Amino acid sequence: MSHKGDLLTTGEIGELIGLVAIAVTVFLFIAFPTLAFIYSMIFARFHQDKYQKQLLTREKLVMQQLGKDNLSTLSKPVPERKINQTGLVMSNITVSPSWWQLFLGSIRSIFGGNIVSFDKVLAYGRNEVMQRLREQAIGDGWEEVVNVRVETSMVMNKVRGGKQNKMGTLEFLAYGTGIR
Amino acid sequence: METIMTSNTETIPGFTINQSLGIVTGSTVRAKHIGKDILAGLKNIVGGELKAYTELLMEARTEALGRMMMDASQRGANAVVNVRFATSSVAGGAAELFAYGTGVVVTQG
């Protein structure tokens, strides 16, 4: 061996690179998901409750400001009045359950029944999108929004290997006709 | 050219429809940005809103609506009634946003 006096031989360097690669792989595929899952289990609740509370205060604020709800699903305003201009108003939100909620949901779907954790996320998304429509209408200067429709669609699917929409991403769209 | 009025009701309240010019459509296909996708994936850990996707979809939908209005103005319509939206997922994480309605000529009264 000509390199006998060196610190590391070629074989040892190779071994070291191999070990580092294994460590990185272990971290990426085992340690990180585990930590993220634990984080999700503990903190997701606080994170979601914060937005839920904000939504409630915003809803109250709009109610105080207008005295009534400015959204309606009827095709004409009641009572009827003169309309000068109409236009489309729309708002959207994309929501997804946390990893912990997805895990709870997958366990629940073995036995069937009401999945409470998903309920919460979907209810939040739907209320939030309607609140945004209210605020959007006020911001654009519409007096009222008629014929409101709320649609739900699954977006950003990864159609690969039979695992469809692994993240459970949902989009809510609310739209209606603003009148003034 | 005045702005095209849009409505998702069958008539435009306060206006009379004189002529129907047929269906007008607008669509766009958007794929997500990989950087935003990774950030959204991290956000997904705690759940709740994924702002990157919300903005992307709204932007795309506005564009689809704009194309629909352009189609309507090319046909000589001054309003679009009964506007509907459709969203579908295309393979590879892309989404197609589609807006359609009926182009009409309206007069006030």
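Me: Which residue stands opposite A:Ser96 in E3(B)?
Reply: That's B:Gly48. This is a predicted model, where local features need pLDDT of at least 70, side-chain atom pairs count only at pLDDT 80 or more, and totals for chains, interfaces and linings use all residues. Residues are numbered from 1 along each chain as its sequence is written, and chains are lettered from A and ligands numbered from 1 in the order in which they are written.

Me: Nice. How many bridges do E1 of chain A and E3(B) pair over?
Reply: Over 2 bridges, in the antiparallel sense. Pairing needs at least two DSSP bridges; strands are DSSP runs (E, at least two residues) and helices likewise (H or I, at least four), numbered from the N terminus.

Me: And what's the strand order in the sheet?
Reply: The open sheet has 4 strands, E2(A)-E3(A)-E1(A)-E3(B), with antiparallel pairing. Its edge strands are E2 (144–154) of chain A and E3 (48–49) of chain B, each pairing on one side only.

Me: Which helix packs on the sheet?
Reply: H2 (residues 51–75) of chain B, touching E1 and E3 of chain A plus E3 of chain B. Contact takes C-beta atoms, placed from the backbone, within 7 Å.

Me: Switching topic: at what angle do H1 and H3 of chain A pack?
Reply: About 35 degrees, with axes 10 Å apart. Axes are lines fitted to C-alpha atoms, for helices over the stretch in contact, and angles run from 0 to 180 degrees between N-to-C directions.

Notes. Two residues are in contact if their C-beta atoms, placed from the backbone, lie within 7 Å.
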